[in-house]
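Hello,

Here is the structure I promised to pass on. Please open it first, then read my notes below.

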Amino acid sequence: MRSKSIKIISGLQILDLRLNSSYIPYMASRSKILYWTPRVIYIATVAFISLFALDAFDSTFNTWHQIRNFIMHMIPSFALIAFLIYVWRKELTGGSILIFLGLALSVLVFRHNFRMNHSVFKSLLPVFLLTLPFFITGILFIIDYFHRRKRRNILH
C-alpha cells in the first residue's frame, strides 16, 4: 500500500499527514453514514408518530373542528421537530436526552398497554414501535459526536 502526503491548511498552520490512500474514502463514507443515520431514523420516527394525527379527520365534524383537532394531535410532532433542530447541533446532550426519553416512554407505554390487555407480548410491541427508535437514535447521536470529535483531534 502506498501512502500519500496530504497537506491540510488550517489557519496559518500547514500539517503534513501521511495517510493510507485507501483509508481516506472509508473514513469519509463512514462519517457520512454516522452523521445521517440517526437523523434519518429520527425524521422517520417523527413521520410515523405524525400518522396518528390523521385520526382527527372525521366526517361527523365540520372542517374547522377537524383542522383544530389535527393541529392538537400534531403538537407532539411539532415538539419532536423542534427538538431535532437542537439535537442536530448538540449531539451529545441531545442524544443523552433521547436515551432518557426512550427509556422513560418505554415504561409509560408498557404500563399503559399492560393495563389495557394484560399481555406482556402485546404490551412490548408498542414499546418497540414507539420508543425503541428514540433510544437507538440517541445512541447513534452520541456515537456520531465522539466519532467526529476523534476525527477532529486526528486532523488537528
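**What I found**

His 118 sits in the loop that links helix 3 to helix 4. Keep in mind that this is a predicted model. The phi of His 118 is near 55°, which is positive although the residue is not glycine. Most residues other than glycine have a negative phi. The positive value comes just after helix 3 ends. Is His 118 buried or exposed? His 118 counts as exposed, because its relative accessibility is 62% and the cut-off for exposed is over 50%.

**The overall layout**

The protein chain has five helices and two strands. Along the sequence the pattern reads β-β-α-α-α-α-α. The chain has 156 residues, and 27% of them are buried. The accessible surface is about 11,000 Å². Carbon and sulfur atoms account for 70% of that surface. Now take the contacts between residues at least 6 apart in sequence: 58% of them join residues at least 24 apart.

**Helix 3 and its partner**

Helix 3 covers residues 91-117, which is 27 residues. From first C-alpha to last, helix 3 reaches 37 Å. That is close to the 39 Å expected at 1.5 Å a residue. Its buried residues include three glycines, Gly 94, Gly 95 and Gly 102. Also buried in helix 3 are Glu 91, Leu 98, Ile 99, Val 109 and Asn 113.

How do helix 2 and helix 3 meet? Their axes come within 6 Å and cross at roughly 135°. The two helices are therefore oblique to each other. On the helix 2 side, the contact is made by Phe 83, Tyr 86, Val 87, Trp 88 and Arg 89. Helix 3 answers with Glu 91, Thr 93, Gly 94, Ile 97 and Leu 98.

**The largest nonpolar core**

Ten residues make up the largest nonpolar core. They are Tyr 42, Val 46, Ile 49, Leu 80, Phe 83, Leu 84, Val 87, Leu 98, Phe 134 and Phe 141. Which helix gives the most? Helix 2 does, with four. In soluble globular proteins, nonpolar side chains tend to be buried together.

Setting aside residues up to four places away in sequence, Tyr 42 touches Leu 80, Phe 83, Leu 84, Leu 98, Phe 134 and Thr 137.

**Two more residues to look at**

Ser 123 belongs to helix 4, which spans residues 120-130. Ser 123 counts as buried, because its relative accessibility is 0%. What does Ser 123 contact, apart from neighbours within four places in sequence? The contacts are Phe 110, Asn 113, Phe 114 and Asn 117. Phe 110 is 13 residues from Ser 123 in sequence, and their C-alpha atoms are 5.4 Å apart. Asn 113, one of these contacts, is also on the list of buried residues in helix 3.

Ile 67 is in helix 2. With a relative accessible area of 34%, Ile 67 is partly exposed. Ile 67 and Phe 57 are ten residues apart in sequence. From C-alpha to C-alpha, they are 7.8 Å apart.

Best wishes

Note on methods
Residues numbered from 1 in each chain as written. Predicted model: local features only at pLDDT ≥ 70, side-chain atom pairs only at ≥ 80, totals over all residues. Heavy atoms only, no water. Expected span 1.5 Å × (residues − 1). Buried < 20%, exposed > 50% of the residue type's maximum accessible area, 1.4 Å probe, protein only. Core = buried A, V, L, I, M, F, W, Y, C linked by side-chain atoms within 4.5 Å. Contact = heavy atoms within 4.5 Å. Areas by Shrake-Rupley, 256 points an atom, 1.4 Å probe, with all protein chains shown as cover. Axes fitted to C-alpha atoms, helices over the stretch in contact; angles between N-to-C directions. Parallel < 35°, antiparallel > 145°, perpendicular 65-115°, else oblique.
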